[in-house]
Each structure stands twice: as structure tokens, then as C-alpha cells.
Amino acid sequence: MAGTKTVNGNISRGVLDVDALKTQSRNLLKSLRADDADARERLKEHHPKAANRKAAEIKVSDAQQILARENGFISWPEMKTHIDQMVLTEQQIATGWMTVPDTPGTLHIRCGSDIRNTLELAGFKGHFQEFSDPFCQGPVPDVPLPVLMQLRADFIASAYGLDPEQTQNRQHAEYSALMAAGDYRHIVLWFEHDSYDQLILAFLLDFFGALRLAAKVELICINSVPDVDKFTGLGQLTPDQLRWAWENTRAPIGDSHYDLGRKVWKAVRAANPADLATFAKSASATRPIGLMAKALQRHLAELPASHNDLSLTQQLVLEILAEAGPLSAGRVFGRLMRDKEPLPFLGDIMLWHILADMATVADGTEPPFSIDDTTLPWPDRTLTLTETGTRIMRGTKRFFETYTGTRWVGGVKITADPDCPHWDIARKVVV
């Protein structure tokens with residue numbers, strides 16, 4: 001899905017080629033008409049309206065629709081328009097028609113790699129730096145930075161099944177790059193409106209505020225772009241749309257931004273989420289970054305709900321299984337992002353971690369859902385809602401009656417403890 005978050009170097013949209021895609025569509029059409037099982041599964045997943053057609057009735061437009069959806073677009077025409085725009089931008093850059101918006105002394109910081117290539121296509125010449133520690137998940141306690149870095153590296157490697165040494169090296173490289181940011185004359189932070197981005201933004205404002213950088217620091221922080229019907233993230237934007245964001249939304253970062261970042265970052269790491277809840281009340285509470293309030297509210301919704309102990313993500317997963325299950329974990333993720341999640345912030349491997357944690361229950365106790373084959377990769381495992389899961393989802397049974405795991409919401413440690421902070425969904429307050 002366009003704009004979906006990734007962790008530690010996962011997929012970002014690259015440069016697509018129309019001719020190559022046309023060849024792929026013709027080959028896919030042949031496979032579909034031959035009733036190939038893999039091709040049929042792709043049809044069912046990405047173009048369900050055509051899934052019941054006979055093989056001979058499938059058209060090239062159906063194959064094109066599959067490829068478009070697999071590449072994160074709603075339709076083939078949308079994908080072709082995007083490619084045409086990129087080609088045009090490249091031609092403009094090559095001929096020298098397009099002005100260079102920044103300088104080689106500019107540092108662009110983004111919580112992912114999703115706009116790296118697009119910035120180049122749009123004519124930017126500055127250095128790109130990814131900083132993508134997903135503070136929206138895992139422990140973020142109030143400890144010295146070196147200790148936090150180690151805790152975060154350990155969590156990321158363990159939760160997402162990544163190599164510990166590679167994760168440690170990547171973590172060290174990203175944090176070290178921030179410490180060297182003073183070498184640049186101009187720093188631009190590129191962020192969107194969800195909790196993944198906004199928690200990282202709060203950290204960066206706290207971090208750079210303490211460094212007292214001499215560089216000019218600016219912020220691009222958006223939740224919409226003209227002509228984009230459903231804006232989910234900067235990664236879905238074309239080069240000209242990134243140029244639009246640069247020219248129309250970029251604003252200088254001042255003392256009020258740094259002060260907000262310092263206070264919010266402290267509240268994120270607190271064991272008691274009460275202070276963070278004060279920032280989540282309204283856009284005015286997080287001025288001059290009004291978008292941060294709603295992101296913090298979504299972050300707090302990952303606390304156990306007061307009526308059944310489920311986080312909002314956990315609740316939505318069970319609702320999806322009740323409405324459309326049994327489903328593979330991959331399809332649960334797709335439905336969550338497309339249909340259920342009010343403010344998308346998760347990457348796929350982040351959801352797999354949540355699903356594994358939900359299944360951490362006492363021996364002999366029925367989990368909220370069953371998993372058919374744990375030897376399969378996570379996306380292919382089929383989840384089936386259990387009677388226990390149905391009762392928890394409806395609020396007639398509490399999740400903590402069965403749950404034996406440990407998870408974190410910022411600095412708040414979540415266990416099946418009656419004193420654990422909860423979130424009242426209706427009143428939007430910590431209880």
C-alpha cells in the first residue's frame with residue numbers, strides 16, 4: 001500500500017517502466033488463462049471482482065489491474081500517470097529546465113527510505129538520511145540515550161526477526177548521522193501525520209534542540225496534498241508533488257517547536273501516560289505542530305481499552321476476523337490498512353509482532369485466534385477467530401484473563417496487571 005511504513009530497509013517504491021510492465025501484464029494474462037494457481041491467487045488478492053471469471057474471460061486489463069495494485073496504485077491508469085510524470089521530471093532535470101530547489105549542503109531527514117529516489121527525480125541535490133527507529137512500538141523508557149539505543153536495537157531484532165548485529169550496526173549508523181547533522185548548513189525534516197512519524201519527529205526536535213544547531217532547520221509536516229484523494233504518506237507522492245510540498249508547506253523550526261518536542265518526548269517516555277494525554281486533547285495543545293495531537297491520541301489508543309484490555313489495533317484485528325475470517329495474516333494486514341485503521345502507521349512486520357504477542361496466553365487457555373501452520377511465513381498463516389476472541393472483542397470477557405505477555409506503549413509497560421494504565425475510548429482519557 002502506498003505510504004505504508006517499513007522498518008530497517010524494507011520496500012520503497014522504485015522507478016517503474018511502462019514497457020516492462022506491459023510485458024509483465026501479457027505474461028500474467030497467459031498464466032491466468034492457463035489457470036495457473038499462483039496467478040489465480042494474485043487475481044483473488046488484488047482484483048477480487050474478476051476472481052470468479054472463467055479463464056477465457058480474463059482480459060489484459062485485469063492483469064494490468066493486478067500489477068497496479070501490487071505496486072501500490074489503485075489502477076493501471078493511475079500507475080501509468082505516475083510513471084509518465086517521473087519520466088517528464090527526469091527529462092526536465094537532464095535538459096537543465098528544472099531549477100534545483102536545494103543545495104548539496106542540505107540534509108533531508110525522513111523516517112524511512114520511501115522518498116529517497118523521488119527526491120532525486122524531483123531535482124534535489126542534498127544528502128538524504130533515513131532515521132526510522134519505530135518508537136510507536138516497543139520499549140521507549142526514560143533512560144540515557146546509549147541505553148535506549150541498545151534497548152531499541154534489541155527489540156527491533158527480536159520483534160521483527162532481524163539479524164542482531166546488522167540491526168545494531170544500522171541503529172548506530174542512523175543515530176551517529178544525527179550527531180553529525182551540524183556539518184550541514186540546512187536541514188529539512190520530512191514528516192506526515194501518523195504516530196510512527198510524529199513520535200520520531202518529537203525525538204528529533206528534542207535531540208536537535210539540545211544540540212543548538214547553527215544550521216537553518218525547516219519542517220515539512222502534512223496530512224494532505226492536492227489531487228491526492230486518500231493521502232496516506234509522503235511515499236505515495238510523485239516528484240512534482242514532493243516539489244509542491246517543498247514550495248508550499250515548508251516552514252522554519254523555532255524555539256516553540258523545540259520546546260514542544262522536548263515536552264512531548266519526555267511524556268512519551270514516561271511510565272504514566274497522563275502527561276501525554278494532555279498533548280493529545282486538541283491541535284492547539286501541540287502548537288506549532290497541530291497534526292501531532294491526533295497522532296498522540298492514536299498512540300494512546302494502543303493502551304489497553306478500559307472495557308476489554310485490547311489495544312485499538314488488537315480490537316480491529318479481531319473485528320476483521322469476525323467479519324471476513326478465516327484470513328491469512330497478510331490479508332488481515334491489507335484489510336486493516338485499507339478499511340479499518342483510522343490513521344495508518346504500521347508496517348507489515350510490525351503487525352506480525354502484534355499478532356504473535358496476542359497469542360501469548362497461559363498454557364491450556366484458548367487464544368483470541370488460532371493459527372493454522374506456524375511453519376509458514378507470517379503472511380501466509382491463516383488466522384481463525386475463536387470463541388474466546390469473540391467474547392473479548394465484544395467486551396464480555398477481558399483479554400487480561402488469558403494474556404501472559406509483555407508489551408510497551410512508549411514508556412508504559414503493559415502486562416496483565418490491574419494497575420496497568422488503560423484508555424477510555426469513548427472519553428479519550430487515561431484511566
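Predicted model: local features only at pLDDT ≥ 70, side-chain atom pairs only at ≥ 80, totals over all residues.
Biologist: Where is Pro 288 found?

Modeller: Pro 288 sits in the loop between α11 (274–279) and α12 (291–300). Residues are numbered from 1 along each chain as its sequence is written, and side-chain values use heavy atoms, with hydrogens and water left out.

Biologist: Which residue does a cis peptide bond join to Pro 288?

Modeller: Let's start with the general idea: most peptide bonds are trans, and most residues other than glycine have a negative phi. Here, Arg 287 and Pro 288 are joined by a cis bond, with omega about 10°. Another cis bond runs from Gly 325 to Pro 326, where omega is near -5°. Pro 326 belongs to the loop between α13 and β7.

Biologist: And phi? What is the phi of Asp 35?

Modeller: Asp 35 is not a glycine, yet its phi is positive, about 60°. You can find Asp 35 in the loop between α1 (18–33) and α2. Arg 212 is also not a glycine and has a positive phi, about 55°. Look for Arg 212 in the loop between α8 and β5 (216–222).

Biologist: Is Arg 212 buried or exposed?

Modeller: The general idea is a scale of relative accessible area: buried means under 20%, exposed over 50%, and partly exposed in between, using a 1.4 Å probe and protein chains only. Arg 212 is exposed because its relative accessible area is 73%. Pro 48, in the loop between α2 (37–46) and α3 (60–70), has 52% relative accessibility and so counts as exposed.

Biologist: Which residues show the other parts of that scale?

Modeller: Ser 311, found in the loop between α12 and α13, is buried because its relative accessible area is 2%. Gln 168, in helix α7 (residues 164–179), has 31% and is therefore partly exposed. Asn 117 is in helix α5 (residues 116–121), and its 31% relative accessibility makes it partly exposed too.

Biologist: Which residues is Ser 311 in contact with?

Modeller: A contact means heavy atoms within 4.5 Å. Leaving aside neighbours within four places in sequence, Ser 311 is in contact with Ala 301, Glu 302, Leu 303, Pro 304 and Arg 407. With residues up to four places away left out, Gln 168 touches Gln 150 and Ala 153.

Biologist: How far apart in space are Asn 117 and Gly 235?

Modeller: Asn 117 and Gly 235 are 118 residues apart in sequence and 9.9 Å apart in space, C-alpha to C-alpha. For Gln 168 and Ile 156, the values are 12 residues and 9.3 Å, C-alpha to C-alpha. Across the protein, among contacts between residues at least 6 apart in sequence, 63% join residues at least 24 apart.

Biologist: Which residues have the most contacts inside the largest nonpolar core?

Modeller: A nonpolar core is a set of buried Ala, Val, Leu, Ile, Met, Phe, Trp, Tyr and Cys residues joined through side-chain atoms within 4.5 Å. The largest one has 86 residues, and Leu 189, Leu 204, Phe 208 and Leu 351 have the most contacts inside it. Its largest share, 10 residues, comes from helix α8 (residues 195–211). Beyond four places in sequence, the contacts of Leu 189 include Leu 204, Phe 208 and Ile 253.

Methods. Helix = DSSP H or I, 4+ residues; strand = E, 2+ residues; numbered from the N terminus.
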